Each structure stands twice: as C-alpha cells, then as structure tokens.
Amino acid sequence: MKRNDWKKILILLLSLIFLSGCWDSRDINYRSTPILMGLTKDEDLFHVYLIIPVSVVSEQRNLAKVDGKGITIVDALEQLKKKIETTIDLEHIGFIVLDEELGKEGIGKIINTFMRMRDVPGTPAIAFTKEDMNTYIDQMIDTFQKVGVPIFGFLEKQIGWEINTPEVILWEVYRGIHSYTSDISIPLISSNKNLEMDYFGASVLKDGKIVETLDSIEVMLMNLLNNEENVIKTFVTIDDTTNVELVERDVEYDYKFRGDEVDLTIRLEFVLIVSEAEDHLNDDKIQKMFEEKMKKDTLKLVKKLQGKHADVLGISNRIRKNYTNAELKNFLEEIYPNININVDVEAVIENNGKLRNLNNDDFEDWDKEKQEQD
Amino acid sequence: MPAMDFMNEIENLKQKNKDLQMKSIMINDTAYDVIGFESLVDFSATWEIVEALIGNQENKSQGSKGFQSKNITWNKIEINKQMQALYEGKLIIWDRAEEASLIVDPVSQPLYRSIEVPVNESVIYGAKDAFTENSQQNIGLLRSKYQSKDFEVMTTQHGKRNRRFSFLILKGTTDQKMVEMIKKKIEDYPNEIKQVKDIHVAFGFSKFSLITRVSSTELPENAMEYIEQGKIVFFMDGYPFALVMFNTVFDVFKQPSDSNYLSVFVYSLYMLRIVGIMIAVLLPGLYVALITINPEMLKVQLALSITESRQFVPYPAFIEIIIMLLLIELITEAAVRLPISISNTIGVVGGIILGQAIVEASLVSGVLIIIIAATTIANGIVINFENGITLRLMKYIIVIFSALFGILGHVIGLLVLCSYIARITSFGVPYVRWKKEGIQSENQ
C-alpha cells in the first residue's frame with residue numbers, strides 16, 4: 001500500500017467514528033421499555049399512564065405504574081419522563097388503552113399524534129376501556145402480580161386471541177379513520193377482580209367517533225366474513241342445545257350492478273363438526289338450523305351497520321375501484337346504505353362427533369334385519 | 001593435484017565438522033576411503049552396501065557375469081559437487097589408487113517421523129494418513145493414491161538452504177503454464193523462503209490479506225482431490241502440509257472425505273456449516289447492535305431478560321464484548337502454546353471458573369456468555385484451521401460496524417466483507433467462483 005492510501009484510510013476511519021454519533025446511544029439496561037400506555041382526559045388535561053416492567057436480578061418480574069399530565073399528549077409524556085431516571089423508550093409499547101369517553105368525543109387527533117411520534121411503532125393493539133383509567137391500570141398490575149399471565153395476551157395471536165375479539169393495531173385504526181370506504185372496530189374492555197379482564201364486544205368507529213357497539217357474537221361474525229382469520233376451534237351456538245365447530249370457511253362477495261343499484265350476494269361456505277346436539281336431531285336438521293341462523297345473523301349485522309353508515313366488513317372497499325374519487329367521498333353516506341344485500345349460506349357436516357347416532361347412520365337397517373331374523 | 005586437493009578439503013571439513021567421518025577399508029588389496037556425515041548416514045547399516053558395491057566392482061573388473069548395476073561408475077567428479085553431495089546426505093567412496101570417487105545413497109539416519117494420523121484435521125470416515133516433513137515421503141503418499149503415468153512431479157530448488165519445492169501435475173487437468181509461472185516466481189525470489197508468508201510475498205500477494213491464498217492441508221486425500229479439481233498443489237521441504245493454490249470459497253465448508261457419508265447427511269452438514277459460519281461472524285455484532293442501538297427489534301420478553309442480566313454491568317456493550325472476545329482469544333492461544341497435559345486445565349479455568357465468576361461479578365452479562373460460547377463453538381465448524389482464523393478476524397469488523405450504526409451497520413459490515421471476498425483473486429483467478437473443475441483466470 002502506498003503512503004497516501006494510509007492517510008485516506010485513517011481519514012475514513014476517523015470520520016466513521018466521529019460522524020456516527022454512536023456515543024449518544026444508550027444501552028438496553030439504561031432504557032425503560034413500557035409495554036402498555038393508558039390515555040385518558042382529566043378535565044382539560046391529557047393524562048398518560050405507562051406500565052413499565054421492572055426487573056431486578058433474582059426477584060420476580062414486576063410492573064410499575066407511571067403517570068403524567070399535560071396539555072397535549074406529548075406534553076404529558078414529557079412530564080412523565082421527568083419522573084423517571086432512565087430513558088423512556090416507547091418502541092416496545094404493545095398496547096394502547098384509551099378511555100371510552102375519548103372515543104365518544106373522537107380519537108382522530110390522538111391517533112394522528114401517535115402516528116406522528118417517531119418512537120411509537122405502528123403496531124400496538126388499540127382498545128377502549130369502560131372504567132376509570134387509574135383503577136384499570138392498578139387492576140392490571142395486580143392481576144399480573146397474582147397470576148403472572150402475559151399482560152394483554154388476549155389480543156395477541158400467538159397467546160390468547162379468540163375469534164370473537166377484533167384484532168386492530170394502530171395503523172389500521174388510522175387507516176379506518178381516514179379511508180373513504182372502510183371503518184374499524186375496536187375492542188371494549190374493563191378490568192375484573194376475578195379474571196384478567198372483561199370483554200364487552202367492540203366499538204365501531206366512524207371518523208374517529210364511536211357510533212355503535214357490537215357484541216362478541218357479532219364480532220365473531222365480522223371475523224368470519226373476513227377471509228383472512230383462522231376459524232379452527234371456532235364454536236357456533238345455534239340454539240340452547242346445539243353447538244357446532246367450524247372446520248373450514250370460505251366467503252365470496254358477488255356484486256351485480258343494475259344502473260345505480262348494487263346487489264351484493266355474500267356466499268358463505270362452511271364445513272362443520274357437530275359438537276353438541278340433542279339425540280333426535282339428525283345432520284340434515286342441524287345443517288338447516290345452522291344455515292338459517294347464519295343467514296339471519298349476518299343480514300342483521302349488515303343491516304345494523306348500514307343503518308349507522310359504518311362499514312367494518314369491507315363491503316364498500318371491494319367495489320371502490322368502480323367509482324371516481326368524488327363519488328368515493330360520500331360513498332358511505334349515499335351508496336353504501338342502499339346496497340341490496342343477500343346472504344347465501346351453505347354448510348357441510350363433516351362428522352357428527354363420531355357418536356353412534358341412530359338418526360344418521362346405516363346401523364338402523366342392519367338392526368332391523370337382525371330383529372327380523374330373530 | 002586433484003587428489004591432494006580432495007584430501008585437503010576433507011581434512012579441512014573434518015576440522016570444522018566433528019560429525020564428518022572418514023573410514024578406510026581394504027578390499028582385495030585396494031584401499032578405499034568412505035566419507036560421510038555421521039549425523040546423516042547410518043554407517044553400521046551402510047557398511048554392507050559399501051562392501052557389496054565394491055565387491056561387485058571387483059567382480060566386474062574380473063569379467064564375471066551376473067546382476068549388477070550399470071549406473072555405478074567411478075568418476076573424477078568435481079570437488080564442489082562432491083561436497084554438495086555430502087551435505088545432501090550422500091556417501092562418497094574414494095579410491096585412493098585411481099583417485100576416482102563414487103557417490104552412493106546410503107542408509108540414512110532416521111531423521112524423519114513416520115506417517116501418522118492427522119493431528120490438525122481430524123476425519124471420521126476417510127483416509128487416516130497425514131503428510132510429514134519429508135516431501136519425498138509426501139509425494140510417495142500421493143503416488144500411491146494415483147497409480148498412473150499421468151501423475152508427474154516437477155521439482156525446483158531455491159535459496160541458500162537449497163530448499164526443494166515439488167509441484168504435482170496431473171496431465172490434462174493441471175494448468176501447466178500456471179505451474180511453470182509459479183515455479184518461476186519461486187525461483188526468481190531473491191530472499192530466502194522460510195515460511196509460507198515468504199511464498200505469499202514471492203507470489204506478490206498482499207501481506208494484509210484476510211484470506212489465505214496458499215492454504216495448507218495435512219490430508220493426502222484432500223490434496224489428491226484438489227489436484228483432480230485442477231488446483232495447484234505443491235510441497236515445500238520441511239513443511240508437513242501440502243500447499244494448495246486457487247482454493248475457492250466452497251472449500252470453507254466442503255471436504256472430500258464428507259462424501260463417505262450419506263448424501264442427505266452431507267447436504268445437511270453443508271447447511272450446518274454455513275449456519276455455523278454465519279453465527280461465528282454475525283452473532284457478536286448482532287448482540288452489540290441490538291443491545292446498544294436497536295433494542296426495539298427484540299421481543300419484549302427477550303429485551304427484559306437481557307436487561308435483567310445486564311443490570312449491573314458498568315460499561316457499554318461494545319467494551320463488554322471486546323473484553324470477552326479477548327479473553328476467549330487468550331484461552332485459545334494459551335491452549336495451543338501449552339503442553340497438552342496442561343492445556344486441559346486452561347479449558348477448565350477458562351470455561352467454568354471464568355465464565356461463571358465473571359457473570360457473578362457483574363463484569364459481563366449472562367446472555368453475552370451464551371453468545372460468546374456459541375460463537376467460539378461455531379468458529380470451529382469450518383474446514384481448515386486457516387479459514388477459522390479468517391472468521392475470527394472478520395467478526396471484529398462486524399462488531400465495530402454494529403457498535404457504530406446498529407443493525408444498519410451490521411448489514412454494512414457484512415456487505416463490506418462480501419465485497420472484499422468477492423474481489424480477491426490470485427493470478428487473475430477469482431476466489432469466489434462456481435466452476436468446480438479447473439482454474440480459469442478472468443482475463444481469459
């Protein structure tokens with residue numbers, strides 16, 4: 001190597017070190033990583049709560065509650081940061097819980113703020129809580145210390161997610177608020193002394209405001225109508241004595257345009273296992289009951305949502321390519337409520353629980369033959 | 001008088017070298033002197049040969065018929081040549097009367113160890129012989145593996161030491177021009193070639209290269225395979241390894257004796273080695289990047305347990321990992337230097353006491369010990385110790401980049417290393433090349 005090359009390499013190395021700013025980064029043990037943020041409003045001030053895991057060697061992992069008040073959310077966070085010795089690193093926040101009252105006023109601006117903040121990731125799950133935030137956070141910490149369950153596991157797919165919970169994350173809420181053709185529903189919860197939490201269903205947001213509440217069965221239907229969710233181990237109660245388990249589900253949306261009118265046929269196909277039934281019912285009857293119930297419930301849900309001009313099922317989203325931007329602006333108000341909806345349900349019973357059922361199987365004839373012989 | 005000259009010369013030599021022996025022998029009334037270095041020649045065993053030879057000579061002169069070697073002729077050989085022959089371990093028989101001499105190959109002293117099992121490269125299923133310091137023996141090992149007229153050996157000698165370099169040529173496979181060129185480079189090198197480093201210099205390769213271009217192998221099986229692949233293999237006298245030129249990046253995780261296993265297992269073995277190389281190079285850097293700059297990429301649970309284990313560690317992750325890596329390098333080097341009986345102790349001290357105690361003293365985190373252990377173990381998975389050294393050095397580059405720029409730097413470091421490896425060539429033949437057989441330079 002020439003002497004000149006060494007100079008170049010030296011300059012490169014020095015600039016690499018001095019321009020990188022690596023001394024500003026803090027190690028992981030000097031950062032606090034909150035996992036849950038609670039947001040409420042006290043009179044005119046925003047009140048932010050954070051749950052921070054505190055880990056001390058050779059002791060059980062604990063949760064700590066920190067809170068701060070401020071005129072804006074960022075101000076409240078700044079007030080909160082002053083109370084803590086370490087850096088607060090919002091990048092690990094997994095859940096944001098909002099007061100239901102905020103939802104009634106409209107959470108559009110709050111969600112915008114979260115999207116703007118660089119250190120909040122786009123992926124925390126969002127939920128509303130019905131009760132006082134302070135009690136709620138205390139209750140959560142208490143439950144964790146008693147039971148040690150992962151906090152908010154019911155919203156995480158790998159841990160405790162069920163089909164009757166809507167799964168929404170921050171950027172989806174943002175999309176739901178700002179999209180012309182789709183809305184979003186957010187789970188509504190509260191704490192409970194005995195269990196980890198109470199689940200009340202989901203609030204449907206329109207332009208950031210709660211307009212309607214869905215119960216857990218309606219949420220399940222909503223998830224069934226969306227082809228993406230996994231249906232394995234989903235149980236549907238048909239009436240007081242009958243229950244089926246879904247094995248497979250397929251949904252098709254069939255749109256037909258007649259002038260200004262839009263007809264929509266939702267074709268649902270199910271494969272079932274009978275999991276609970278009275279003995280006198282045979283497969284055909286159960287199948288018919290199931291089909292009728294699904295059809296009725298689905299129509300009811302869609303009508304309910306159409307009445308509120310809110311579309312959490314993605315019905316309008318699927319045909320937005322047929323309309324101009326100007327038409328889309330008022331799509332949910334003018335066109336969506338007038339879509340004629342028809343539901344087609346087709347169910348196949350795969351097995352009836354591997355029981356010997358005289359109403360169904362071929363053993364009947366064989367029994368008769370045997371008796372005749374006797 | 002040449003005779004007097006010769007005797008004077010020998011007397012002179014005898015004064016300076018006490019191990020030079022000159023013994024007189026009378027056969028059929030003729031006096032002969034037998035001269036040779038005692039340290040190189042086993043006289044008592046050679047005696048029989050000498051007697052037989054001279055007796056043969058007498059018989060020949062009497063005109064009798066029978067088996068006899070025609071090569072042995074008495075000559076008036078130049079003094080210098082005779083001296084040189086003495087130093088090469090030959091025996092000189094001097095006929096006083098006719099002033100002629102005979103250069104004989106004697107039974108030499110057992111100066112070379114016998115062929116043993118490989119020490120540095122262990123094989124499970126595969127040939128278990130290994131090269132020794134004697135390059136004649138090494139060539140013999142290869143000849144026994146390729147018994148054909150296509151196998152040729154080209155030899156050159158270099159320097160004051162008169163060191164022999166033997167090139168192995170397989171007709172039709174080996175690039176003869178390349179061998180000639182390499183041979184010429186060695187012959188033209190003005191300084192003494194003492195170690196492999198000097199060969200690098202003679203070939204004009206950079207001294208600061210991270211990747212060895214003249215790699216060594218101890219196994220004749222490997223060497224034979226490399227010859228058949230068209231790589232150039234040569235021996236340096238006294239160096240108990242075959243030197244291989246034009247090795248490729250695939251030689252880092254492929255070994256000829258692998259093929260003695262089930263094919264499926266061989267492919268999984270390759271995968272395992274690639275994963276091992278990745279771990280050895282990338283894991284320490286990843287630790288630094290994730291701990292210092294990008295902790296948001298960890299899962300919460302993992303982040304918390306790392307935080308827990310790093311609770312009382314007083315310095316940044318970069319310093320922490322450098323301390324640990326340094327300790328491991330020290331242990332490795334100490335284990336090489338020390339006698340085998342003591343080096344086991346080093347393992348215990350290093351592994352158990354240091355690993356356990358250093359965590360309890362909160363000097364490094366427990367997670368780091370796992371990382372370092374994984375790195376050190378994975379480092380040993382590559383074929384050939386030389387490649388392991390390369391990996392050992394490369395991981396520091398990645399660590400430095402990661403400490404500066406986090407995950408981004410980690411990727412940049414990997415990119416820098418990849419482009420460095422990609423531009424390595426020896427005599428125009430790239431190091432990263434797909435072609436399995438033969439060598440082809442970029443310029444062709």
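User: How many residue pairs are in polar contact across the interface of chain A and chain B?

Analyst: Keep in mind that this is a predicted model, and that both residues of a pair need pLDDT 80 or more to count here. The contact takes in 22 residues of chain A and 27 residues of chain B. Across that interface, the number of residue pairs in polar contact is seven.

User: Which element gives the largest share of the side of chain A that touches chain B?

Analyst: Chain A puts 22 residues into the contact. The largest share comes to three residues, and they sit in residues 3-20 of chain A. That element is helix α1 of chain A.

User: Which residues form the salt bridge between Arg310(B) and chain A, and how far apart are the closest N and O atoms?

Analyst: The rule finds one salt bridge across the interface of chain A and chain B. Its cut-off is 4 Å between a Lys or Arg side-chain nitrogen and a carboxyl oxygen of Asp or Glu. Arg310(B) pairs with Asp27(A), and their closest N and O atoms are 2.7 Å apart.

User: How much area do chain A and chain B bury between them?

Analyst: Carbon and sulfur atoms account for 59% of the buried area. The total between chain A and chain B is about 2,200 Å².

User: Moving inside chain A, which element gives the most to the largest nonpolar core?

Analyst: That core has 50 residues, and Phe270(A), Phe290(A), Leu313(A) and Ile315(A) touch the most other members. Elements of chain A that give two or more residues include β12 (243-258), α8 (283-307) and β14 (340-351). With seven residues, the top contributor is β13(A).

User: Which domains of chain A does this core draw at least three residues from?

Analyst: Among the elements giving two or more residues are β9 (198-206) and α7 (216-225) of chain A. The core draws at least three residues from each of two domains of chain A: domain 1 (24-214) and domain 2 (215-374).

User: Which residues does Phe290(A) touch, leaving out those up to four places away in sequence?

Analyst: Phe290(A) is among the core residues that touch the most other members. In general, nonpolar side chains in soluble globular proteins tend to be buried together. The contacts of Phe290(A) are Val236(A), Ile238(A), Val244(A), Leu246(A), Phe270(A), Leu272(A) and Ala347(A).

User: Why does the salt bridge of Asp138(A) and Lys65(A) tie together parts that are apart in sequence, and how many residues apart are they?

Analyst: The closest N and O atoms of Asp138(A) and Lys65(A) are 3.1 Å apart. Asp138(A) is partly exposed at 37% relative accessibility, and Lys65(A) is partly exposed too, at 33%. Asp138(A) lies in helix α5 (residues 133-147) of chain A and Lys65(A) in strand β4 (residues 62-70) of chain A, so the pair links parts whose separation in sequence is 73 residues.

User: Over in chain B, what separates Lys184(B) and Asp188(B) along their helix?

Analyst: Their side chains meet in a salt bridge, 3.1 Å from N to O. Lys184(B) counts as partly exposed, at 49% relative accessibility. Both residues belong to helix α5 (residues 176-188) of chain B, and being four residues apart they are separated by about one helical turn.

User: Which residues of chain B are joined into one network by salt bridges that share partners?

Analyst: Over all chains, the rule counts 28 salt bridges. Some of them share partners, and these join Glu329(B), Glu333(B), Arg337(B), Arg392(B) and Lys395(B).

Terms used
Residues numbered from 1 in each chain as written. Chains lettered and ligands numbered in written order. Predicted model: local features only at pLDDT ≥ 70, side-chain atom pairs only at ≥ 80, totals over all residues. Heavy atoms only, no water. Core = buried A, V, L, I, M, F, W, Y, C linked by side-chain atoms within 4.5 Å. Buried < 20%, exposed > 50% of the residue type's maximum accessible area, 1.4 Å probe, protein only. Domains from an automatic or database assignment. Contact = heavy atoms within 4.5 Å. Buried area = accessible area lost by both parts, 1.4 Å probe. Polar contact = N/O pair within 3.5 Å; in protein donor to acceptor, adjacent residues only side chain to side chain.
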